[in-house]
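Subject: Structure handover

Hello,

Here is the structure for you to look over. My notes follow below it.

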Amino acid sequence: GHEEWVASAAFSPDGARIVSAGGDDTVRVWAAKTSGEPLVLKGHESRVNSAAFSPDGARIVSASGDGTVRVWGPMAVASRWC
């Protein structure tokens, strides 16, 4: 998945998805029960240090070494890949 190290990973509240943050400046969303390709979220300009789902699972929040925090909306999180 990630082209560099993984800094954090977390399950969605329903356990169906996993979000990971990596040194390749991306956030990736994985289906927990299948081995398909992850959804790749790009937008940070430096390593992503952490990522987590909102309590309702509809959004993802990520924090980066570039000093930004991003909130990824439902369209990004509700991917057909997961």
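The largest nonpolar core has eleven residues. They are Val 19, Ala 21, Val 27, Val 29, Leu 39, Leu 41, Val 48, Ala 51, Phe 53, Ile 60 and Trp 72. A nonpolar core here is a set of buried Ala, Val, Leu, Ile, Met, Phe, Trp, Tyr and Cys residues joined through side-chain atoms within 4.5 Å. Buried means under 20% relative accessible area, exposed over 50%, and partly exposed in between (1.4 Å probe, protein chains only). At least two core residues come from each of β2, β3 (26–31), β4 (39–42) and β5 (48–53). β5 gives the largest share, three residues. Strands are DSSP runs of E, at least two residues long, numbered from the N terminus.

This is a predicted model: local features need pLDDT of at least 70, side-chain atom pairs count only at pLDDT 80 or more, and totals for chains, interfaces and linings use all residues. Residues are numbered from 1 along each chain as its sequence is written, and side-chain values use heavy atoms, with hydrogens and water left out.

Next, Ser 62. Ser 62 sits in strand β6 (residues 60–64). Its relative accessible area is 1%, so Ser 62 is buried. Its side chain makes polar contacts with two others: His 44 at 2.7 Å and Trp 72 at 2.8 Å. A polar contact is a pair of N or O atoms within 3.5 Å; within protein, one must be able to donate a hydrogen and the other to accept it, and residues adjacent in sequence count only if both atoms are side-chain atoms. Leaving out residues up to four places away in sequence, Ser 62 also touches others, including Val 27, Val 48 and Ala 51 (contact: heavy atoms within 4.5 Å).

Now the charges. There is one salt bridge (a side-chain nitrogen of Lys or Arg within 4 Å of a carboxyl oxygen of Asp or Glu). Arg 28 pairs with Asp 24, with the closest N and O atoms 3.1 Å apart. Both Arg 28 and Asp 24 are buried.

What about Ala 16, and where does Ala 16 lie? Ala 16 is in the loop between β1 (6–11) and β2 (17–22). Ala 16 is partly exposed because its relative accessible area is 35%. Beyond its neighbours within four places in sequence, Ala 16 contacts Trp 30, Ala 31 and Ala 32.

Last, Val 71. Val 71 belongs to strand β7 (residues 69–72). Val 71 counts as exposed because its relative accessibility is 55%.

Best wishes

How values were computed. Helix = DSSP H or I, 4+ residues; strand = E, 2+ residues; numbered from the N terminus.
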